[in-house]
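Thank you all for coming this morning.

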Amino acid sequence: GVISLEQNSGNITFDNCNISSKYSGGSTNACLVYSGPKDRVSDISFNNCEFEGGSWAAHLEGDKGALHSNINFTKSKFKNNNRSSIWLMYVDGSKISQNTMESNSTFAGVAAIRVDETAGYVEIYGNYIKRQAVWPTYGALVKNSSGTSNKQNLFSTNSFSIGDTLSAAGEAKRGIALDNVGFFNVVSNSVSMKSNNINSNAFMVINSSGNTILNNVFANMSATGNAVLVSGLGSVLKMDKNLLYSSGNIGSFNGSNQQSLSSWQSNTGFDANSVSDNPIFRSDNDLKMCSKLADNIGQSFGLVVDFDGNLRDPKSPDPGAFEYSAISGLTVADQRVCKGDTASFFVAKGANDVVIWNHQDSSQTFNTTSVGTYSLTALGVCGADTALFNVINNDLVKLGNDTNTVSYTHLRAHETRHDL
């Protein structure tokens, strides 16, 4: 190993570190960063670090009666770790955010991110996993961990590419796997999974309770396996506004395969407002997409920006980690305003998309107090289109004279404003 955190180590921050080992085997003694059950470490953070080689990059394991606490990994790069990049066990409070992971390892059965037996808040946000032939078997595996109804855990805005069709049929791939967990909000993730194994799935939740699955893209790009697997009464509290795609079955529910979205909906009660469509990813490892059916089907969840830092549509975000514009058939609704009021328009765009309002303004929002006809032109990898729209003043409301009189009553005319 390289770093061993021992005997109540705490309040340590590693910034801009390069932690590496030439060892490429599976020995449990060859972690880049390690702490054992008797060490009880707390308030440990790794920021903008690089972890290369080793068996596990980081294996931090507390004890059931003496948990590690507040362990954080942020904006770090993990490369060619033989087993997991991050494995946390018996930890109270952890954040794994905006890290990138890839490995040429051929070690089977491991997760890039593994979280076991945790307490307190867990956040897995904005991480990127690059597809390789074998590694990893799981993008993220979370077991025996639960939040509470008042403090729910967050699994959001991750982009995971897992497996390929050349990998061995004997190994089932899973993008996100939740086993015996509770009160996780799984929101706005993009998962692309490829495998020859019929038990593979982009998302799986089993033996769990109270979880919300919202605004995700779960795509099985293989001819076998499922987009999603749900097992166990109560594993899902709410599941909707997702894009579910599979060349095989859409899903498996309590052991029964559901071939289509309609059968999934009728037999599970989930995903009433979800769609099934080829996401049209830009590439195997770039999960920005162009699906017209999924554009703006999401539900607001308080996430302000997407994986790339682009603004989310505040009312109808796109499912998945990335905002985008399915440019074909672009339309902008007219707005009616009272004279002098501001008409405001907003468009979600990807990092490589360009929007031009009225031939000159390239911001995401366009505001005007003037009536007239305006244009929006959108250009990007999904195509190009132009739409015209109008800003119109509301008609004045005319109040007729009241000829009725009542003794000792004063009649007053109040200013009336109609906002449509």
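Before I show any pairing, a word on terms: two strands pair if DSSP finds at least two bridges between them, and the strands themselves (E, at least two residues), like the helices (H or I, at least four residues), are DSSP runs numbered from the N terminus. Please keep in mind that this is a predicted model, in which local features need pLDDT of at least 70 and side-chain atom pairs count only at pLDDT 80 or more, while totals for chains, interfaces and linings use all residues. Residues are numbered from 1 along each chain as its sequence is written, and side-chain values use heavy atoms, with hydrogens and water left out.

Let me begin with the overall picture. The secondary structure of the protein chain comes to one helix and 35 strands, and the C-alpha trace spans about 95 × 50 × 45 Å along its principal axes. Of the 420 residues in the chain, 51% count as buried, where buried means under 20% relative accessible area, exposed means over 50%, and partly exposed lies in between, computed with a 1.4 Å probe on protein chains only.

Now to the strands. Eleven of them form an open sheet with mixed pairing, and the order is S1-S4-S7-S10-S13-S16-S19-S22-S25-S28-S29. The edges are strand S1 (3-4) and strand S29 (256-258), each of which pairs on one side only. At the S1 end, S1 and strand S4 (residues 33-35) run parallel and share two bridges, with isoleucine 3 standing opposite valine 33 in S4.

Further into that order we come to strand S19 (residues 174-182), which is mostly covered, since eight of its nine residues are buried. Strand S16 (residues 138-146) pairs with S19 in the parallel sense over seven bridges, and the bridge partner of tyrosine 138 is arginine 174 in S19. S19 also pairs with strand S22 (residues 201-206), again in the parallel sense, over five bridges, and here aspartate 179 has isoleucine 206 of S22 as its bridge partner.

Another strand to look at is S20 (residues 184-187), where Phe184 and Val186 point one way, Asn185 and Val187 point the other way, and all are buried. In a regular strand the side chains alternate between the two faces of the sheet. Strand S17 (residues 153-156) pairs with S20 in the parallel sense over four bridges, and asparagine 153 has phenylalanine 184 in S20 as its bridge partner. S20 is also joined to strand S23 (residues 211-214) by three bridges, and the two run parallel; valine 187 stands opposite leucine 214 in S23.

Let me turn to the aromatic rings. Rings of Phe, Tyr and Trp (its six-membered ring) pair if their centres lie within 6.5 Å, and planes under 30 degrees apart count as stacked, over 60 as edge-to-face and the rest as tilted. By this rule the count comes to 21 aromatic pairs. In one of them, phenylalanine 51 and phenylalanine 78, the ring centres are 4.5 Å apart and the planes are at 0°, so the pair is stacked. Because phenylalanine 51 lies in strand S6 (residues 50-52) and phenylalanine 78 in strand S9 (residues 77-79), this pair ties together parts that are 27 residues apart in sequence. Both phenylalanine 51 and phenylalanine 78 are buried, the latter at 2% relative accessibility. Ring pairs link Phe14, Phe46, Phe51, Phe73 and Phe78 into a cluster.

What about disulfides? A disulfide is a pair of cysteine sulfur atoms within 2.5 Å, and a search of the whole structure finds zero of them. The sulfur of cysteine 17 has its closest cysteine sulfur in cysteine 49, at 4.1 Å, which is too far for a bond. Cysteine 17 counts as partly exposed at 23% relative accessibility, whereas cysteine 49 counts as buried at 1%.

Finally, the largest pocket. A pocket here is an open set of points, on a 1 Å grid over the protein atoms alone, where a 1.4 Å probe fits, with protein on both sides within 12 Å along at least five of seven lines, and lining residues have an atom within 4 Å of a point. Of the 26 residues that line the largest pocket, the closest to its centre are Asn296, Asp313, Thr331, Phe346 and Val347. The largest share of the lining, three residues, comes from strand S31 (residues 343-346).
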